Amino acid sequence: MYRVNAEFFGLNYVGVPLHSDFTLDLEAMLAAIHTHQPALVFLAYPNNPTGGRFEREQMEAIIQAAPGIVVIDEAYGAFSSDSFLRQAGTIDKLVVLRTLSKIGFAGLRVGYAAGAPALIHELRKIIPPYNVSQLNLAAAEFAMKYRPFILQHINQSMGERERMRTALRAYDCVEDFASEANFLTVRVPDAQVLFDTLYANKILIKNLHGTHPLLDQCVRITIGLPEQNQAVLRVIDELYGNL
Ligand SMILES: *Cc1c(COP(=O)(O)O)cnc(C)c1O
């Protein structure tokens with residue numbers, strides 16, 4: 001979406017590929033910043049669709065090197081062990097994005113940007129008037145009254161994520177990657193076969209194969225309720241248990 005939005009606004013988009021293990025290629029990132037002098041740098045922390053969280057020190061190096069605004073997209077921040085929210089407002093060029101979308105309220109369309117007052121003042125000039133409806137704001141406020149319940153659900157998801165990762169790691173043919181999001185991205189022998197088999201069992205995952213060269217035979221599995229995750233593991237065991 002960063003590319004789609006940049007191109008929509010007629011901007012010159014430059015994507016910097018990650019390493020093959022989905023860690024940040026800091027050297028390539030710093031070189032690209034040096035070459036292109038970007039007005040805007042977007043970093044997803046944790047990243048989507050790979051799930052990993054880049055190293056904080058690498059993020060800080062990018063913030064330091066960037067000549068313009070650095071946006072840290074923390075859509076999955078609730079599931080992460082680290083955040084830049086505390087730094088928002090202390091670094092002039094830093095903006096941190098958060099959303100309710102990944103913690104159970106995708107339909108509300110409520111999120112926010114946090115940053116230094118001068119920067120937020122400029123952002124206010126370009127957002128459409130009444131860009132979030134009163135009804136959605138009231139619903140978000142109501143949802144936040146149930147914060148302990150939401151946090152409990154997030155905690156359960158993080159526990160299930162680690163349980164799923166351990167279970168998937170037992171299969172020689174499955175390559176797992178660390179995740180600090182509410183999903184696991186794994187590489188399997190045939191992503192389409194896994195997608196189709198799960199689909200036949202009324203389970204929908206995301207087939208990432210073909211979306212980027214680094215995501216060869218990868219799928220993204222969103223963590224669900226324990227019994228839903230169990231259903232996924234059952235299908236995977238039928239497919240890969242005897243390989
Ligand atoms: C889901 C997501 C968003 C934004 O979601 P909204 O529903 O528009 O708030 C932003 N960045 C990443 C990386 C996401 O996965």
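Tutor: Pro 49 sits in the loop that runs between E1 and H3 (helices, H or I, of at least four residues and strands, E, of at least two are DSSP runs, numbered from the N terminus). This is a predicted model, in which local features need pLDDT of at least 70 and side-chain atom pairs pLDDT 80 or more, while totals for chains, interfaces and linings use all residues. Numbering starts from 1 along each chain as its sequence is written, and side-chain values use heavy atoms, with hydrogens and water left out.

The bond joining Asn 48 to Pro 49 is a cis peptide, with omega about 10 degrees. Pro 46 is also found in the loop between strand E1 (40–44) and helix H3 (56–65). The peptide bond from Tyr 45 to Pro 46 is cis too, its omega being near 0 degrees. Gln 37 has phi near 45 degrees, a positive value in a residue other than glycine.

An N or O atom in the Asn 48 side chain is 2.9 Å from an oxygen atom of the ligand. Asn 48 is one of the residues around the ligand, along with Asp 73, Ala 75, Tyr 76, Thr 99, Ser 101, Lys 102 and Arg 109 (a heavy atom within 4 Å). For the Asp 73 side chain, an N or O atom is 2.4 Å from a nitrogen atom of the ligand. In Tyr 76, a side-chain N or O atom is 3.4 Å from an oxygen atom of the ligand.

On the H6 side the contact (heavy atoms within 4.5 Å) includes Gln 156, Glu 160, Arg 163 and Met 164, and on the H8 side Pro 226, Asn 229, Val 232 and Ile 236 are among the residues met.

H8 also meets helix H7 (residues 191–200): their axes come within 10 Å and cross at roughly 130 degrees. H7 is therefore oblique to H8. Val 193, Leu 194, Thr 197 and Leu 198 of H7 make this contact with Val 232, Val 235, Ile 236, Leu 239 and Tyr 240 of H8.

Methods: A polar contact is a pair of N or O atoms within 3.5 Å; within protein, one must be able to donate a hydrogen and the other to accept it, and residues adjacent in sequence count only if both atoms are side-chain atoms. Axes are lines fitted to C-alpha atoms, for helices over the stretch in contact, and angles run from 0 to 180 degrees between N-to-C directions. Angles under 35 degrees count as roughly parallel, over 145 as roughly antiparallel, 65 to 115 as roughly perpendicular and the rest as oblique.
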